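Good morning, colleagues. Please take a moment with the sequence and the model before I go through the details.

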Amino acid sequence: MATSYDHEDAVGYDDIGGRQEQQPDQGYDPNFVPDSVKTFVVHLYRHIREKNVYEIHQMYEGSFQKLSDRMFKESPWPSVDAVAPYVDNDHVFCLLYREMWFRHLYARLSPTLRQRIDSWDNYCSLFQVVLHGVVNMQLPNQWLWDMVDEFVYQFQSFCQYRAKMKNKTEQEIALLRQYDQAWNVYGVLNYLQALVEKSMIIQILEQEKEGLEQFTATDGYDYSGGSNVLKVLGYFSMVGLLRVHCLLGDYHTGLKCLLPIDISQSGVYTSVIGSHITTIYHYGFANLMLRRYVDAIREFNKILLYIYKTKNYHQKSPQYEQILKKNEQMYALLAICLSLCPQVKLVEENVNSQLREKYGEKMIRMQRYDEEAYSLYDELFSYACPKFITPSAPIYEEPLVNYNQDAYRLQLKLFLYEVKQQQLLSGVRTFLKLYSTISIGKLATYMEVDEPTLRTILMTYKHKTHAVGSDGKIISNADVDFYINDDMLHVVESKSAKRYGDYFMRQIVKLEEIINDMDRVKLE
């Protein structure tokens with residue numbers, strides 16, 4: 001999974017000049033193809049031609065990782081020109097091979113500026129084939145997800161790299177000027193949008209609701225001999241668009257792009273763990289920034305419970321480290337959501353106990369709304385937020401400065417401004433929990449403000465505890481609400497629906513375990 005390489009892009013190997021660019025491993029010969037690599041590409045090529053998805057998946061997830069660990073830990077794979085003769089110089093296979101080649105390079109080394117540009121060109125060629133050619137392949141969902149995920153990651157990485165202008169050489173700046181279309185934000189968005197539109201995925205998902213399609217039931221695969229590539233790339237591109245818009249700070253548009261996927265249900269996005277986590281992480285973060293705390297809490301709770309139950313299953317996966325990192329970040333985001341909107345009843349007990357263990361003490365301090373609380377909000381947000389980007393190219397005529405942190409600082413400022421506004425609400429919430437009815441005058445006296453100020457605070461409370469949902473309807477995030485009638489304030493506390501089902505299911509499982517243990521004991 002691409003995003004497991006969340007490193008700050010080092011400048012060490014970005015020295016562009018007329019000479020041959022050196023990799024860290026001086027002994028690397030791009031034209032030397034070891035026998036194990038010949039065998040790998042020949043078999044992978046054959047399985048792709050035969051549409052043997054199971055074998056492709058085994059080679060892609062297993063063999064590629066093992067060979068990378070054993071032979072290419074600190075050097076790239078052999079060049080595409082070197083392996084092409086073993087695969088009939090097949091154009092599409094060579095594009096796929098280069099896609100993996102660049103992904104490995106980004107993971108293990110620091111790509112040069114020229115390599116970043118070449119990777120962009122390769123994605124353009126690959127997506128052009130998918131959009132306008134005849135693609136007669138079935139590829140594993142894992143690979144198709146990784147393509148979209150890596151495409152967005154490399155765009156993010158390029159924007160971060162380009163924004164560090166201070167130490168750029170003249171050759172690098174000349175190359176950036178020359179290839180100003182490489183990783184252009186409009187180009188990235190256009191490719192993702194084109195994949196969504198050309199695949200007709202939105203119409204397919206609509207028809208599925210009416211029982212006319214089997215996209216989710218077959219995990220996006222085509223069992224009648226067709227290709228899954230365009231459809232599944234289109235599907236994952238909706239998640240890619242959500243992620244790009246979150247990186248740009250446009251949360252409304254991001255969530256709008258994801259609307260065709262019903263995330264309250266399992267779908268093709270849940271068939272790949274990386275896709276599942278990326279979808280919910282960005283969905284939850286966008287809702288947090290739009291003050292839709294209940295939606296964010298509900299989805300964070302579901303995915304964190306899922307990771308809690310299935311974590312051990314993914315231990316040998318190349319994505320395992322990334323799963324753990326995103327897990328920790330989502331607990332931090334959940335802590336923020338629950339501090340701003342105390343709806344603990346939405347959180348399952350296993351998730352809640354993990355949350356208390358990690359952030360219990362900090363969450364108590366975050367309720368105080370003093371300087372220490374703000375610094376905790378700052379700390380958790382900075383740790384858990386996406387790596388925001390500034391997509392525009394630098395102005396080369398001006399003194400060269402690093403502006404890679406500008407977008408992050410802006411989003412942090414907006415978030416902390418929202419937290420400061422919530423300070424008023426903590427006092428109101430405390431009193432609302434104490435009374436079922438209270439006069440406006442008495443509440444104003446208790447809060448040590450005059451009546452007009454109190455009415456302003458109550459209006460603020462109403463505003464801040466409600467948000468506009470994705471369907472345009474007003475949704476409430478309030479754990480305690482109220483209405484005013486003849487200068488009397490009437491409190492309406494939202495009652496939590498008791499879920500007996502979970503309790504009984506747990507007891508049934510325990511009983512079955514006891515019965516199994518008793519069966520094993522042989523009575524003498």
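This is a predicted model: local features need pLDDT of at least 70, side-chain atom pairs count only at pLDDT 80 or more; totals for chains, interfaces and linings use all residues.

Which residues are buried in helix H7 (residues 170–178)? They are Glu 172, Ile 173, Leu 175 and Leu 176. These four residues cover an arc of only 160 degrees around the axis, which puts them on the same side of H7. The arc is that of the directions from the helix axis to the C-beta atoms. Buried means under 20% relative accessible area, exposed means over 50%, and partly exposed lies in between, with a 1.4 Å probe and protein chains only. The face of H7 turned away from the buried side carries the exposed residues Glu 170 and Gln 178. The buried residues of H7 pack against helix H5 (113–132) and helix H6 (141–162), where contact means heavy atoms within 4.5 Å.

Residues are numbered from 1 along each chain as its sequence is written, and side-chain values use heavy atoms, with hydrogens and water left out.

I turn to the protein as a whole. The mean pLDDT, the predictor's confidence in each residue on a scale from 0 to 100, is 88 for the protein, and 92% of its residues reach 70 or more. Over residues 1–25, however, pLDDT stays under 50, and for this stretch the model has 63 contacts beyond four places in sequence. The secondary structure comes to 21 helices and five strands; these are DSSP runs numbered from the N terminus, helices being H or I with at least four residues and strands E with at least two. Along its principal axes, the C-alpha trace spans about 85 × 85 × 50 Å. Of the 524 residues in the protein, 52% are buried. Among contacts between residues at least 6 apart in sequence, 75% join residues at least 24 apart.

How far apart are the end C-alpha atoms of helix H20 (residues 451–464)? They are 20 Å apart, which agrees with the 20 Å that its 14 residues should span at 1.5 Å a residue. The expected span is 1.5 Å times one less than the number of residues. The buried residues of H20 are Leu 454, Ile 457, Leu 458, Thr 460, Tyr 461 and Lys 464. They cover an arc of only 155 degrees around the axis, which puts them on the same side of H20. On the other side of H20, Pro 452, Thr 456 and Met 459 are exposed.

Next, the aromatic residues. A pair of aromatic rings is described by the distance of the centres and the angle of the planes. Rings of Phe, Tyr and Trp (its six-membered ring) pair if their centres lie within 6.5 Å; planes under 30 degrees apart count as stacked, over 60 as edge-to-face and the rest as tilted. By this rule the count comes to 30 aromatic pairs. In one of them, the rings of Phe 285 and Phe 381 have centres 5.8 Å apart and planes at 40 degrees, so the pair is tilted. This pair links distant parts of the chain, 96 residues apart: Phe 285 belongs to helix H12 (residues 273–289) and Phe 381 to helix H16 (residues 371–384). Phe 285 counts as buried at 0% relative accessibility, and Phe 381 likewise counts as buried at 0%. Elsewhere, Trp 120, Tyr 123, Phe 127, Phe 151, Trp 183 and Tyr 191 form one aromatic cluster.

Which charged ends sit over the ring of Tyr 161? That of Arg 116 lies 4.4 Å from the ring centre, and that of Lys 168 lies 3.9 Å from it. The criterion is that NZ of Lys or CZ of Arg is within 6 Å of the ring centre and within 35 degrees of the ring normal.

I close with two local sites. Ile 438 lies in strand E1 (residues 437–439) and counts as buried at 5% relative accessibility. Ile 438 and His 490 are 52 residues apart in sequence and 6.8 Å apart in space, C-alpha to C-alpha. Leaving aside neighbours within four places in sequence, Ile 438 is in contact with Leu 443, Tyr 446, Met 488 and Leu 489.

The other site is the loop between helix H3 (80–83) and helix H4 (91–108), which holds Asp 88. Phi of Asp 88 is near 60 degrees, a positive value in a residue other than glycine. Asn 89 is found in the loop between H3 and H4, with phi near 50 degrees.
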